[in-house]
2 protein chains.
Amino acid sequence: MRALVLTEFGLKLDANYPQPEPKPGEALLRLRMAGVCGTDLALMAGYKGGYRGVLGHEYVADVAAAPGNEDWVGRRVVGEINTMCGKCEHCRRGLTTHCLHRRVLGIERWDGVFADYFLSPLANLHPIPDDLPDEIAVFTEPTAAAYAALRDAPPDAGDRIVVFGDGRLGQLIAQAFRAEGFNPLLVGHHEQKLAVAARLGIRTARATPPDEEFDLAVDATGRPAALSQVLGVLRPRGTLILKSTSAQPAHLDTAAIVVHEIKIIGSRCGPFPQAIAALASGKVDPRPLIHEIFALDEAPTALRKAAEPGVLKVLIRP
Amino acid sequence: MRALVLTEFGLKLDANYPQPEPKPGEALLRLRMAGVCGTDLALMAGYKGGYRGVLGHEYVADVAAAPGNEDWVGRRVVGEINTMCGKCEHCRRGLTTHCLHRRVLGIERWDGVFADYFLSPLANLHPIPDDLPDEIAVFTEPTAAAYAALRDAPPDAGDRIVVFGDGRLGQLIAQAFRAEGFNPLLVGHHEQKLAVAARLGIRTARATPPDEEFDLAVDATGRPAALSQVLGVLRPRGTLILKSTSAQPAHLDTAAIVVHEIKIIGSRCGPFPQAIAALASGKVDPRPLIHEIFALDEAPTALRKAAEPGVLKVLIRP
C-alpha cells in the first residue's frame with residue numbers, strides 16, 4: 001500500500017509500505033480523507049525528538065476489518081489518537097489520554113493515517129452521521145482540540161476572550177467559542193486568514209486594542225516568543241490557555257504570573273462527541289479553512305503547501 | 001523618627017525620617033514587631049525596578065491615631081499591604097488587591113514598616129486576639145500568603161502534595177497544608193531548615209523520590225531555574241502553584257505544559273482572617289522559624305542576616 005513515511009532522511013512516499021494487520025480490539029481503517037496539522041510539520045522539524053513512521057493523525061475512514069468485532073466493518077468513523085493500556089497508574093486514575101505506555105497515531109510509536117490503510121484501537125473510534133461530508137468530518141480531531149479550551153477553562157457569560165493565532169487551530173478555537181455563545185477576538189498577522197474568520201462573523205484584529213484587558217486568552221500562535229505578549233493582555237486573575245506545542249522553550253516572566261495571579265492551563269486533546277455535534281449542526285463550519293485537497297500520491301507536495309504562510313487547511317484523499 | 005530607607009545609594013537607617021501624618025481613612029501605626037521577607041531582599045537587589053522608600057511590610061502594630069475613627073486607637077493590629085482606590089476597573093470588578101492605582105506597603109509607592117511609625121488604610125487592618133503574642137502575630141502576612149495556595153488551588157483529600165523551597169515561605173506553606181489535613185512533602189537543600197520542618201512532623205527530603213508523581217506542587221524556591229524540575233514531578237493534569245517572585249525570567253518548556261495538560265497558578269497575597277485563625281489556634285506554629293530578633297537600630301544588620309544561607313525568619317522590634 002501507499003504511505004507517507006517520515007524517515008531519518010526526510011519524507012518519503014512509499015508505494016510498497018506493508019499493510020498493517022489488525023489484532024483483536026483493533027480496526028483496520030481505509031482512509032477516506034486526512035488533514036495536515038501543525039504537529040505534522042513540527043514532527044518534520046524534529047519535535048518529539050525524532051518520530052519515525054507514517055505521519056498523519058486527523059482522519060475520516062471506513063472500517064475495513066475488525067477481528068472479533070465484525071459489526072464495525074463498513075462504518076464510517078473518526079478517531080481519537082491516543083492509545084491506552086488501561087492498566088498503568090495514569091489509566092487507573094482516569095487519565096487515559098496520558099497512559100504511561102501510550103502511543104499516538106502518527107506522533108509517537110504508532111503509524112499514522114497518510115496511507116491507504118492504518119490501524120486504530122476500536123475504543124478510539126466514533127461513528128459519524130451519514131450526512132456529514134468527509135471534508136467536514138475530517139476536522140473532528142482539531143475541532144475537539146479547540147473544544148478542549150472550553151472544557152479546561154469554562155468561561156463565564158460575558159467574559160472577554162481573545163485567541164492569538166489565525167492559523168488552523170486558532171480559527172477553530174475562535175469558532176468553538178463563538179458556537180458556544182461567546183464573542184471572541186481573533187488576533188493574527190495574516191490578512192487572508194483573518195478575512196476567513198471575519199466572513200464567518202468573528203471579530204478579528206492584528207493586535208489587541210491598547211489598554212483593553214481580557215478575562216481569557218488562548219495562545220495558538222505556535223510561537224513561544226508570543227507568550228509574554230499574550231500574558232500582557234490579561235486582567236489580574238485572568239486565564240491563559242496554552243494550545244501551542246513547540247520544540248522551543250519560552251522565556252516567561254514568572255514574577256508577573258505571581259503578581260497578577262494568572263492561571264495558565266496547558267490544553268491538548270479534546271472531546272470528540274462535542275466536536276462531532278458542533279460540526280454536524282453547522283455551529284462550527286471548517287469548510288472556509290480548506291485551502292486545497294491533494295491526492296495521497298501528492299502527499300509530499302501537500303505537506304510543503306501546508307507549511308506555506310497564508311495557507312490554512314490542506315487535506316489529503318486516497 | 002527612625003526608619004530603614006532604601007535609597008539609590010543602598011540601605012540607610014535614618015534617625016530623622018519625617019513622621020507621617022494620617023489622613024481620614026488612614027491609621028498612624030506604632031510598630032510592635034516586623035518581619036524580614038524575601039521580597040525585602042529582592043527589592044534591595046532591584047526587583048520592581050527600583051523601589052525607593054521605607055522597607056518592610058510584615059508587621060504587628062498599635063494604632064496610634066486614626067482621624068475621624070478614634071475607636072481604632074489603641075488596638076493591636078496586623079494589616080494587608082495593598083492599598084486600593086475603590087474606583088478603577090479592577091476595584092469595580094472586585095479585584096481590589098490588583099487596583100490599577102494601588103500602592104503596596106514597603107514595596108510600591110507607600111512607605112513600609114521598618115520604622116517607629118507608618119501609615120495604613122484603616123480598611124486593611126485586622127485586630128488580633130489579646131493572647132496572640134507579637135512574635136506569632138507578625139507572621140500573619142506570610143501565613144496568609146501561604147494560605148493563598150490552598151485558596152487558589154484547593155486540593156482534594158488524599159492529594160499528593162510537594163512544596164519546593166525550605167525557606168521562610170515554603171515552611172509556612174507546608175505548615176498550612178498540614179494544618180488543613182494534608183501530608184505535604186517539603187523539598188529543600190538546607191539541612192537545618194529541613195530539620196525545623198521535620199521537628200514539626202512535616203515530611204522532608206532533599207529531592208522527590210524518582211518516579212513518584214504529585215497532584216500538586218508549590219514552587220517557593222525563589223529560583224525560576226527550579227521550575228522545570230518542579231514541573232517534572234507533576235502527574236498529567238497536575239497543578240503547579242507559583243509563589244516565587246524573582247527578577248529573573250524562567251525558561252519553560254511550554255510543549256510539556258500542553259502535552260501534560262498542566263495547570264499553573266500564580267499566587268500572591270492571601271486571606272488574613274484564615275491566617276489569624278490558624279496562628280491563634282496553633283495549627284500553624286511559626287516560632288521555630290525565628291532565627292533572631294533585632295532592634296530597629298540594628299535593622300541593616302537584620303537584613304544582612306536574613307540574606308544568609310540557612311537563616312529563616314529575622315524579626316525587628318522598635
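Visitor: Why is B:Arg151 called partly exposed?
Guide: In this predicted model, B:Arg151 has a relative accessible area of 34%; buried means under 20%, exposed over 50%, and partly exposed in between, with a 1.4 Å probe and protein chains only, so B:Arg151 counts as partly exposed.

Visitor: What conventions lie behind such values?
Guide: Residues are numbered from 1 along each chain as its sequence is written, while chains are lettered from A and ligands numbered from 1 in the order in which they are written. As the model is predicted, local features need pLDDT of at least 70 and side-chain atom pairs count only at pLDDT 80 or more, whereas totals for chains, interfaces and linings use all residues, and side-chain values use heavy atoms, with hydrogens and water left out.

Visitor: What makes A:Glu261 and B:Arg151 a salt bridge?
Guide: The closest N and O atoms of A:Glu261 and B:Arg151 are 3.6 Å apart, and a salt bridge is a side-chain nitrogen of Lys or Arg within 4 Å of a carboxyl oxygen of Asp or Glu, so the pair qualifies. This pair crosses between chains, from A:Glu261 in the loop between helix 8 (254–259) and strand 15 (263–266) of chain A to B:Arg151 in helix 4 (residues 140–152) of chain B; helices (H or I, at least four residues) and strands (E, at least two) are DSSP runs, numbered from the N terminus.

Visitor: Is A:Glu261 itself buried or exposed?
Guide: A:Glu261 has a relative accessibility of 6%, and therefore counts as buried.

Visitor: How many salt bridges does a search of the whole structure find?
Guide: Over all chains, the search finds 34 salt bridges. One of them joins A:Arg235 and A:Asp215, whose closest N and O atoms are 2.5 Å apart; this pair links distant parts of the chain, with A:Arg235 in strand 13 (residues 234–242) and A:Asp215 in strand 12 (residues 214–219) of chain A, 20 residues apart. Both A:Arg235 and A:Asp215 are buried.

Visitor: Why are B:Lys283 and B:Glu180 labelled as they are?
Guide: B:Lys283, at 43% relative accessibility, counts as partly exposed, and B:Glu180, at 31%, also counts as partly exposed. The closest N and O atoms of their salt bridge are 3.0 Å apart.

Visitor: How do you know that the buried residues of helix 10 of chain A are on the same side?
Guide: The buried residues of helix 10 (residues 299–306) of chain A are A:Ala299, A:Ala302, A:Leu303 and A:Ala306. They cover an arc of only 95° around the axis, which puts them on the same side of helix 10; the arc is that of the directions from the helix axis to the C-beta atoms. These buried residues pack against elements of chain A including strand 1 (3–7), helix 1 (38–44) and strand 17 (313–317), contact meaning heavy atoms within 4.5 Å.

Visitor: Why does A:Arg160 count as partly exposed?
Guide: A:Arg160, in the loop between helix 4 (140–152) and strand 9 (161–164) of chain A, has 22% relative accessibility, and so counts as partly exposed. Not counting residues up to four places away in sequence, A:Arg160 touches residues of both chains, among them A:Phe214, A:Arg235, B:Glu89 and B:Arg93.
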